[in-house]
Amino acid sequence: MKKRTAGIMTLTLLTTMLLAACGGGSSGTGEEPTSEQQPPAKSGETSKEESEATKEPMVINLFREGPALPAPDQDIILPELNKALHMDLKYNTAPTEYAQQLNVKIAGGTPPDVFGVNKVQMEQFAKQGMLLDLTPYLKDMNHLTPENGFTESHMKKGVVDGKQYAIPYRPLIPVQTTYWVRQDWLDQLGLEKPTTLDELKAVAKAFVERDPDGNGKHDTLGITGNGFNGTLSPIFAAFGVAAPGQMMIRDNQVVYSTALPETAQAVEFIKGMIEEKLIDPEFLTNNGLMHQEKAFKGQAGIVYAHWAHIKRPDMVEKMNAINPDQVWTQLDAMTGPGGKFADFYDEGGTNLRLVIPKSLESQPEKVAKVLEYINYVSGGEGQTLVNYGIQDRNYKVVDGKIDIIEEMVTEMGHASIHQITGRIEMEYLRTKFGDLEPYFAFTNQLPYISVYTNFASTPEGVNPADKSKFEEEEMIKFIHGKRPIAEMDAFLQTLKDTFQLDKYISEADKALKDLGFIK
């Protein structure tokens with residue numbers, strides 16, 4: 001199999017942490033001399049390096065939501081991390097009920113040394129004085145740089161009241177999921193790839209009515225997808241609005257996507273497509289890869305899918321086993337009344353926020369070790385390790401570039417669990433999936449609508465899950481014609497009266513002003 005290559009990050013490894021900044025430091029000057037500054041050990045004395053080497057590895061307890069690591073004898077990364085940092089990392093996860101388990105640990109006075117939080121938890125813990133302010137330490141974490149994806153805008157995801165309490169996971173490509181179309185069906189019917197909403201509707205209609213698979217039956221769907229946003233987001237985007245429930249910025253102020261007139265227009269358009277049976281009637285209940293399976297089986301001619309779920313080698317094998325003659329082509333962003341946009345992307349969203357408990361401040365050496373660990377896996381050789389594994393075992397370096405050893409890829413299947421601060425996504429994809437670059441590079445350049453929903457705080461007394469559930473249920477009624485669009489204003493009034501929508505928007509406006517997104 002052909003090997004894939006990409007550039008290696010060559011940033012240097014952080015070798016010294018500020019013990020003084022953690023509240024310790026033996027010199028009284030706030031500085032710890034480097035190895036170059038250390039005077040030679042006198043006879044009978046032990047050098048700093050020798051002293052460190054003879055110490056027991058420092059135990060670091062990490063706790064986060066997510067899948068568990070593989071068995072110790074199958075995890076090739078953890079031993080390498082422990083050896084490189086002279087630590088004993090106890091990496092614990094909770095696939096379910098994470099919040100409850102975390103609260104028990106904190107309430108019991110044994111918080112983990114580093115743990116993951118969502119935005120609501122971060123704000124609550126920070127306001128209760130339970131988190132260590134990381135602001136003084138950032139300047140010494142040489143891998144947390146804009147070049148490595150830790151931009152000023154990104155780091156704001158970990159800020160509360162002007163202080164950096166969390167290291168947020170780096171973002172992925174903003175748009176990776178797009179509409180794909182059966183090119184062979186287009187060719188069969190003499191059609192061109194759609195580029196506008198009207199053309200999209202026309203092609204979907206042709207796939208439903210003109211027997212594109214030639215079996216003499218009207219048994220093909222136009223568009224399928226996975227859930228509300230996972231099917232309809234590109235249509236809302238072409239109207240110039242994010243899907244319902246999002247905080248947008250227009251004219252330097254916060255607006256709520258659901259309340260914008262373009263949303264009602266998009267709902268009317270979608271309702272028309274559903275009435276003409278151009279959209280999979282099961283799109284709301286499709287889960288996992290059901291939408292992909294329907295597409296591969298020839299049940300639908302347009303599918304809203306992640307590039308990897310169409311073009312990754314294992315997916316292509318799956319497709320070819322069903323019908324090797326089918327050809328899928330990525331569609332560009334649709335142009336509609338609101339311009340040309342492929343989807344929306346939450347600028348405040350992140351998969352994980354890492355925090356350190358305030359109580360650990362009394363152990364400056366442990367704080368330093370935790371920060372050294374976070375910094376190590378965020379760039380340089382540490383990032384290379386958690387991304388690609390062990391040199392000459394999982395990859396080779398050829399002409400300064402990483403060359404993946406395909407035979408050893410499977411033992412790196414758990415690597416993303418160790419990527420606790422994420423990765424530089426395009427560089428990673430080029431290295432791991434170089435042959436597929438045309439597809440993820442295509443999605444990476446698509447225009448999208450920025451939203452800031454995850455920067456907003458939820459008003460007291462409002463359960464975000466209840467609000468989202470109510471909002472989606474009503475939107476589903478609108479698009480299926482079970483509630484007239486003329487009642488949109490009444491629906492919005494309920495959002496204001498029951499779920500404090502005006503206060504929700506007001507608090508989002510304040511948060512985005514404090515963070516500098518609104519001037």
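**Strands β2 and β3.** I noted that the bridge partner of Ile60 in β3 is Leu89. I then followed the chain through helix α2 (residues 77-85), which together with β2 and β3 makes a right-handed β-α-β unit; right-handed here says that, with the strands pointing away from the viewer, the path from the first strand over the helix to the second runs clockwise. Helices (H or I, at least four residues) and strands (E, at least two) are DSSP runs, numbered from the N terminus.

**Basis.** I keep in mind that this is a predicted model, in which local features need pLDDT of at least 70 and side-chain atom pairs count only at pLDDT 80 or more, whereas totals for chains, interfaces and linings use all residues. Residues are numbered from 1 along each chain as its sequence is written, and side-chain values use heavy atoms, with hydrogens and water left out.

**Salt bridges.** I counted 29 salt bridges in the structure, each being a side-chain nitrogen of Lys or Arg within 4 Å of a carboxyl oxygen of Asp or Glu. In one of them, Arg182 is paired with Asp184, with the closest N and O atoms 2.6 Å apart, and Arg182 is buried at a relative accessible area of 3% (buried is under 20%, exposed over 50%, partly exposed in between, with a 1.4 Å probe and protein chains only).

I next checked Lys201 and Glu276, whose side chains meet at 3.2 Å, N to O. Lys201 lies in helix α7 (residues 197-209) and Glu276 in the loop between α9 (261-275) and α10 (290-296), so the pair ties together parts that are 75 residues apart in sequence. Both are partly exposed, Lys201 at 22% relative accessibility and Glu276 at 32%.

Lys271 is buried, with a relative accessible area of 18%, whereas Glu275 is exposed at 53%. I also recorded that salt bridges with shared partners join Lys201, Lys205, Glu209 and Glu276 into one network.

Technical notes. Pairing = 2+ DSSP bridges.
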